[in-house]
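Take a look at the two chains below.

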Amino acid sequence: METSKAIKLKVNGKQLELLAAPNSTLLEILRNNGHVEVKCGCEKGDCGACAVILDGEAVDSCLTLAWIADGSEVQTVKGIGTEATPHPLQTAFIEEGSVQCGYCIPGIIVAAKVLLDENPDPTDSDIRVALSGNLCRCTGYTRIFSAIHKAAQVMREGAQKNG
Amino acid sequence: MVETVPTATNSPNVQLHQVGKPLIRTDAPNKAYGNTLYAGDLTMPGMLYAKVFRADRPSALIVKVDTARARALEGVRCVLTAWDLPDRLVVTDIPGQTGGKTKNTAQPILAKERVRFFNEPIALIAADSEEIAASARDLIEVEYAPFPGVFDRAEALTAGAPLVDGDANVVAAYKIRKGDTERGFEEADLVIENSFRTQVQEQAFLEPEAGLAWMDDKNVLNIKVSTQVVEHFRAIADALGIPHNRVHIEAMYVGGGFGGKEGLTIEMMLALLAYNTRKPVRLILTREESFVNHGNRHPFTLHYRSGVKKDGRITAMEVRLIADSGAYSKLSPYVLLYATVGAPGPYKVDNLKVDSVVAATNNLSTCAFRGFGTMQACVAYEGQMDEIAKSLGLTPLEVRQKNFIHTGDRNATGQKIESAVWSEQCAIQALEALGERAKGNDVVKIGRGLACYQQSYGRIRWFKDSSEAWVGIEVDGTVIVRCAVTDIGAGQSSSLAQIAAEVLGVPMEKVVTYFGDCTLNPLAGTSSASRALYMTGNATKMAATKVRDNLLEWAGRHFQVPPDDLQLVEFRVTAISDPARSMPIDELARRCAADGVHRHHLAMFKAPTSEGLDPETGQGEVFPDFTYGAHACEVAVDTETGEVTVLKSVGAHDVGQSLNPQSVAGQIEGSALMGQGFALCEEIIQRNGVLVTPSFSEYLIPTSEDVPETKAIILESRSGLGPFGSKGMGEPAFAPVAASIANAVADAIGVRIFELPITSEKVINALARKASGQVKMH
Ligand code: FES
Ligand code: FES
């Protein structure tokens, strides 16, 4: 514990300094500092419940050492959108009935956000590949796929209007 | 895709304003924004962290447990072993029931003289940090002495097998004797006999078991936990020797259950540590611990012998079932009963003989899991149906049509089926929805499979199940539903809000459901057995209707019209005969309050009861009612690699009445993939009782890349016992999936694989057997 050091992280736009042991994972320090919207389903990189956006990329925070994330920018599902300013993905997940127990959803929205940032018009198979690291035991994914398609469309239309 | 099929109804049509519409579930937004707190997200100041020390072998005598070094570690607040606890076994009440205890469910909280399964808990630790608790666990030493174990269910039943507990390894056994099977087989033109085997499946809910417990300033032990059953407060109070009213369990939104959080999860461990330390204690299991902590799906051996006429009619059926309960019986007797009663499936079999037994072994425990014995039977009876069809040159649909049970018929136990039986319509629609058949080639073979089922909803009648709910309307027109049902992800609390909104004519956003609290809310029983909506929905509807009656009585006097001339819709009370006589509901509630009208009501719904089965014939009434439906699928089998790909998967079910079609479709779609996992890839493997698939790296569940084109077809007979004529849906949607996939694979490659899961290896072996002529071809 003596070897813990303070690391700098920008989480959902807020600059934080957090104490982390050399073997602490990003998941642990996020959850221990109130970011319990990042879920833990396996701690082994198998389930994707802990996915966050680290400098623009979706990562399993349970496999990422906190020290390695020092100086990085992290976005969780809460940083992607809130009730006041929902992301089109969140709205679509709600409307399409894509949420059951909800435990996988923070990670899945993270993976979907990164996908849509890179690929505004994904095919079915693009979506399947993007979510292949995110387990969902409840929904059978059907409504998750349709929500992602819907959000992509909303975002494309929005981009057209603004552009 | 959802399709609601409008159909004739068996009950008078009700005009529904909210029920039956795809409404947004009340819990969905906060889950999508990441605001929902699950049990493992909770903390308290001064909280301790718990760990569990578990046995490293499945069967042994415990000579000594040495905790001295663990206790001495700085920051360790408490280490408990069986020797520190009052000498009490936990006798699990039938979960969620208020009545008597069941026999044979006694299980030590922590292992004492003997270890009976791999990773059985031996000691509990609470410490100032997670790391200290983990270090303390590493310091515990146990001295074991060898003790023989038994790991095969058939072997466990032979004379001289090592005894797991007590004086026999038979946990429960049943028989059904109906009609005259001897004569039935004489009348048969053909007899088909096969043995099927199903494997252990892990629930694999995404949220591992978690909870937080503390003693409060009223000397009440509080436990916030991820559970399907808050009624375990009684077992906990009894184990601690404290009064029932001093244990307060609150179920958080549960990150999936599927039966795996129906037994005690970790409530007891938390309770012991919090009670002993008088400090808040949190325990979150790792995935590996979760795999061994709850009972999985019972593996079954199912032997079927069916006699049929040339036209496909079944004249007799003989069934033998053997299941494995693991070391402690938990709900095994009931799982076996479901399989026994469900053995002939949705078919009328007048000459029926069933013998079933569940054996204790030193394998990991098995307990409740969606489908609860019935889905294992479905794999066998539907496999048998296809084998019959193939032998007689009939289509799978034709042979089923000859045998379907119908409303008014009596089932395996002689119970008369009162509700609609739309097996045939469901089967036809599911098959039709498969559309054009995919094209195969020399290597890739295409096959189609159909499976029908009969799955009960509601609990066993002699449990005398009941559910309570309280509904009240506030003076601002908002509505409160209080009901201790747990919300395990299928929208349980949202459904109750929807029902109250429908009855009281308010928008759903005006309703809040307070759920999952065993002390502050009226007890409602478990979220299991596809009973939650049936039982708590009826109780909520009854309570809301009484509130409505009270409001309308006042409004009738006020508007000088009879109460049945008034309607409550769109947040107004309005006279149908004179729409000018109308006021908003908040005003109505306010004026009722001023006049002392009761604006709330507590209602109890009671399920139909019976006194049990005749032990010799197995005849009697077991369940309240049944759901019927079908699943059809199309698969592609690569005959070179053995790989099976599900291309299309369609569930068609008569749900009675869908409250929220999106949620019903969600159950069907989720079931399609979970059933696919059971059919093709999921298997808990144990070597002599030792788990060799302890994580999602070894235990593979279907991912986004395995999802077929999935379709949910909802039929509504409005003939069920649930609110608005609904039937239970959580398990029925799952029941036929694996069977339909197994049938599709057999159709594709022309040879059946009798043992699930159907892995590539088994496909290759089956094809090799077929090529070498070792398979009898019909
Ligand atoms: S918790 Fe990180 S992948 Fe499962
Ligand atoms: S909604 Fe439950 S795991 Fe995805």
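Predicted model: local features only at pLDDT ≥ 70, side-chain atom pairs only at ≥ 80, totals over all residues.

Residues are numbered from 1 along each chain as its sequence is written, chains are lettered from A and ligands numbered from 1 in the order in which they are written, and side-chain values use heavy atoms, with hydrogens and water left out.

**Domains of chain A.** Contact means heavy atoms within 4.5 Å. By that rule, 17 residues of domain 1 of chain A touch 11 residues of domain 2 of chain A. Together the two domains of chain A bury about 1,100 Å², with 64% of it on carbon and sulfur atoms. Buried area is the accessible area (1.4 Å probe) that two parts lose on being put together, summed over both.

**Domains of chain B.** Chain B is divided into domain 1 (47–147 + 209–284), domain 2 (300–460 + 612–771) and domain 3 (466–606). The C-alpha centres of domain 2 and domain 3 of chain B lie 38 Å apart. Their contact takes 18 residues from domain 2 of chain B and 15 residues from domain 3 of chain B. Domain 2 and domain 3 of chain B bury about 1,300 Å² between them, 62% of it on carbon and sulfur atoms.

**Between the chains.** Chain B brings 57 residues to the contact, and chain A brings 45 residues. The area buried between chain B and chain A is about 3,900 Å². Carbon and sulfur atoms give 55% of that area. On the chain B side, B:Tyr33, B:Leu206 and B:Ser704 supply 20% of the area buried against chain A, more than any other three residues.

**Helix pairs.** Helices (H or I, at least four residues) are DSSP runs, numbered from the N terminus. Axes are lines fitted to C-alpha atoms, for helices over the stretch in contact, and angles run from 0 to 180 degrees between N-to-C directions.

| Helix pair | Axes come within | Crossing angle |
|---|---|---|
| α13 (492–504) and α14 (532–559) of chain B | 9 Å | roughly 30° |
| α3 (88–95) and α6 (142–162) of chain A | 8 Å | roughly 135° |
| α10 (374–392) and α17 (737–749) of chain B | 8 Å | roughly 30° |

Start with α13(B) and α14(B). Their angle makes them roughly parallel to each other. Angles under 35 degrees count as roughly parallel, over 145 as roughly antiparallel, 65 to 115 as roughly perpendicular and the rest as oblique. α13(B) passes α14(B) in a right-handed crossing; a crossing is right-handed if the near helix is turned clockwise from the far one by less than a right angle. Residues of α13(B) in the contact include B:Leu496, B:Ile499 and B:Val503, and among those of α14(B) are B:Ala544, B:Val547 and B:Leu551. By class, this contact has 10 nonpolar, six polar and two charged residues. Here Ala, Val, Leu, Ile, Met, Phe, Trp, Tyr, Cys and Pro count as nonpolar, Asp, Glu, Lys and Arg as charged, and the others, Gly among them, as polar.

Next come α3(A) and α6(A). α3(A) passes α6(A) in a right-handed crossing. On α3(A), A:Pro88, A:Leu89, A:Ala92, A:Phe93 and A:Glu95 take part, and they meet residues of α6(A) including A:Ile144, A:Lys150 and A:Met155. The classes are 10 nonpolar, no polar and two charged residues.

In the pair α10(B) and α17(B), the crossing is right-handed. B:Ala738, B:Ala739 and B:Asn743 of α17(B) meet residues of α10(B), among them B:Met375, B:Cys378 and B:Glu382.

**Backbone details.** The peptide bond from B:Leu756 to B:Pro757 is cis, with omega near -5°. B:Pro757 sits in the loop between α17 and α18 (760–771) of chain B. A:Tyr141 is not a glycine, yet has a positive phi of about 70°. A:Tyr141 is in the loop between α5 (124–130) and α6 of chain A.

Methods. Helix = DSSP H or I, 4+ residues; strand = E, 2+ residues; numbered from the N terminus. Domains from an automatic or database assignment.
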